[in-house]
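Q: I would like to learn how to read a structure step by step. Could we go through it together?

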Amino acid sequence: MIPTSHLLVFSLALFIIGMIGVLTRRNAIIILMGIELMLNSANINFIAFSSQLSDLAGQIFSVFTIVVAAGEVAVGLAIIIALYRNKDTINVDEINIMKG
Amino acid sequence: MAPGAVVFYLLASLCVVSAVMVITRRSPVHAALFLVLAFFCVAGIYILLSAEFLAAVQVLVYAGGIMVLFLFVIMLVPLETARTPPPVRHVAVSLLLALLLAASLVSYFWNAPQITPAEGVPLASGLGNIETVGMELYQRYILPFEVASVLLLVAMIGAVVLARKQT
């Protein structure tokens, strides 16, 4: 039996790594990958508590998280393609038309 | 130490290392391949936590579907060369924010009240897990399940409309 606190620390590490990736990288594709890592760490938390409380609800909610992640990636990558077609770059620093 | 715990620590450290590689590699292709490795490690941890159905879904949806999408987009969008690294101040502020979040969450975990197991559907492992998850999804959670399918439809239509060639 793995202690739940170790699982929480592991998922926290994964979340922080994803967050640093989102904050520091400029390539929009890598930013989406960081968001995927953060969603995965939320899933690990759900499963960890589901296993500790021996309650199935955590696993059900993880299924819904995976559904949202799949939809988010599809729309996000479509936005990246549209962005590249219109602006010829996916560097988020060069995309500042909303800056006012 | 129990064999399950040893496997967990191995998988967790491999997952953290590959996650670090995802955000530090310059080439998006390498980052995508390390992301696959991280997803597989997470699927292994799901199996250790007796969530076999989710481990299968993780491999199919993440390592299968989402990674194929990522690689397709990486092929469609040319790799940028000679990028300038981000300014040091930007990275420093990001690291500071991340450490702040980590510190606050760790202190919360430290002082969190002890959780007592609640009444719920007991976990089954192996093939029984798939059966119980299916029964729960189609009985108690049938409405969210249908809403999720509508969400996927909307995402699919939105992706097609966004990525379509403008005429």
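**Reading the interface and the core**

A: Let us begin with contact, which means heavy atoms within 4.5 Å: here 67 residues of chain A are in contact with 82 residues of chain B. This is a predicted model, in which local features need pLDDT of at least 70 and side-chain atom pairs count only at pLDDT 80 or more, while totals for chains, interfaces and linings use all residues. Residues are numbered from 1 along each chain as its sequence is written, chains are lettered from A and ligands numbered from 1 in the order in which they are written, and side-chain values use heavy atoms, with hydrogens and water left out.

Q: What is the area buried between chain A and chain B?

A: The size of an interface is often given as the accessible area lost when the parts come together. Buried area is the accessible area (1.4 Å probe) that two parts lose on being put together, summed over both, and between chain A and chain B this area is about 6400 Å², with 78% of it given by carbon and sulfur atoms. Within chain A, the helices α1 (4-24), α2 (28-53) and α3 (57-87) each supply at least two residues of the side that touches chain B, where helices are DSSP runs (H or I, at least four residues) numbered from the N terminus. The most is given by α3(A), with 24 residues.

Q: How many residues of the side of chain A that touches chain B are nonpolar, polar and charged?

A: That side divides into 47 nonpolar, 15 polar and five charged residues. In this division Ala, Val, Leu, Ile, Met, Phe, Trp, Tyr, Cys and Pro count as nonpolar, Asp, Glu, Lys and Arg as charged, and the others, Gly among them, as polar.

Q: Which residues touch the most other members of the largest nonpolar core?

A: In soluble globular proteins, nonpolar side chains tend to be buried together. A nonpolar core is a set of buried Ala, Val, Leu, Ile, Met, Phe, Trp, Tyr and Cys residues joined through side-chain atoms within 4.5 Å, and of the 68 residues in the largest one, A:M33, A:I80 and B:F70 touch the most other members. Leaving aside residues up to four places away in sequence, B:F70 touches several residues, among them A:M33, A:V73 and B:L35.

Q: Is B:F109 buried or partly exposed?

A: Buried means under 20% relative accessible area, exposed over 50%, and partly exposed in between (1.4 Å probe, protein chains only), so B:F109, with 26%, is partly exposed. This residue is in helix α4 (residues 88-111) of chain B and touches A:L8 and A:L12, not counting residues up to four places away in sequence.

Q: Where is the salt bridge, and how are its two residues placed?

A: A salt bridge is a side-chain nitrogen of Lys or Arg within 4 Å of a carboxyl oxygen of Asp or Glu. The structure holds one over all chains, formed by B:E136 and B:R140 with their closest N and O atoms 3.9 Å apart, and the count between chain A and chain B is zero. B:E136 counts as buried because its relative accessibility is 11%, whereas B:R140 is exposed, at 54%.
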